[in-house]
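Hello,

Please find the structure below. Some notes on what was found follow it.

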Amino acid sequence: MLSIRNLGVRIDNKPILQGINLEVAAGEVHAIMGPNGSGKSTLAQTLAGHPDYQVSQGQVLYQGKDLLSLNVEQRAAAGIFLAFQYPVEIPGVSNIQFLKSALNCQRKLRGESELDALDFLTDVKQKMQQMQMDEALLYRGTNEGFSGGEKKSNEILQLLVLQPQLAILDETDSGLDIDALKRVAAGVNAFRSPDRALILVTHYQRLLQYLVPDRVHVLQNGRIIRSGGAELALELERQGYAPPADPRAEQP
Ligand code: ADP
Ligand code: MG
Ligand code: MG
């Protein structure tokens, strides 16, 4: 699905990511963890095609094709979805209009016909019920004045409506209370399937209790310094990102 090879990324000519290698197969869930400022969002934004992030070296293949040669719209049409760490508010465009035009835009780029309006509404409402979201949110400006939890749920609603092949969720768990976290995790689990892949960017192990990853990678200073299975997240939770120099010095 995704193959990142020796990727280097700069912002304003300052190197942020260096020598990133990552292989994500269909059906897999990969967690990217790491301290603040380590480059997690930079990796997510680069994959989504944000123009401020300059690729200085390396290659990214998505379904065998050169991802970096595609613009943001082409990437979305090819089935890549990014849930932002800080979801954008779009005043004046209702949530329902936003979802509908995003979906129709994607369908158009794929050469598919527009969705029937009633089918679309039924589908969205059913997914909102699944996420225990208030239907009133459909008719408000996209994310406008939404609470932190509502914004994060709305990102997952977009995910469920757009049904991408590769989803990148950037700290979708941060700032959620435990019930909201469980709803978000349930929504994401409903999205999981053998032909889709997921990259979860997170600070904490908490989400990963409900959404068990196949692989965990630790990003530090723009490099992947460790990779492992789901157990690595638990270890990080106990020890922090910098393991103690002397293992006997571990706290009880
Ligand atoms: P993380 O998501 O792991 O907290 P980021 O990818 O947001 O880390 O940031 C990595 C580094 O890149 C930080 O030092 C941050 O200040 C810098 N950075 C990110 N975005 C920009 C930007 N638009 N302009 C300048 N520096 C940036
Ligand atoms: Mg951060
Ligand atoms: Mg970030």
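**Notes on the model**

Just after H1, glycine 49 has a positive phi of about 100°. Helices here are DSSP runs of H or I with at least four residues, numbered from the N terminus.

This is a predicted model, in which local features need pLDDT of at least 70 and side-chain atom pairs count only at pLDDT 80 or more, while totals for chains, interfaces and linings use all residues. Residues are numbered from 1 along each chain as its sequence is written, and chains are lettered from A and ligands numbered from 1 in the order in which they are written.

H1 itself spans residues 40–48, and eight of its nine residues are buried (20 or more other C-beta atoms within 10 Å of the residue's own, with C-beta atoms placed from the backbone). Among the buried ones are Lys40, Ser41 and Thr42.

Those three residues also belong to the surroundings of ligand 1, together with Ile11, Asp12, Ile16, Gly34, Asn36, Gly37, Ser38, Gly39 and Asp52 (C-beta atom within 6 Å of the ligand). H1 gives the largest share of this shell, three residues. By type, the shell has two nonpolar, seven polar and three charged residues; Gly counts as polar.

Elsewhere, the axes of H3 (residues 95–109) and H5 (residues 148–162) come within 10 Å and cross at roughly 35° (axes are lines fitted to C-alpha atoms over the stretch in contact, with angles from 0 to 180 degrees between N-to-C directions). The crossing is right-handed, that is, the near helix is turned clockwise from the far one by less than a right angle.

Regards

Key. Buried ≥ 20, exposed ≤ 12 C-beta atoms within 10 Å, placed from the backbone. Helix = DSSP H or I, 4+ residues; strand = E, 2+ residues; numbered from the N terminus.
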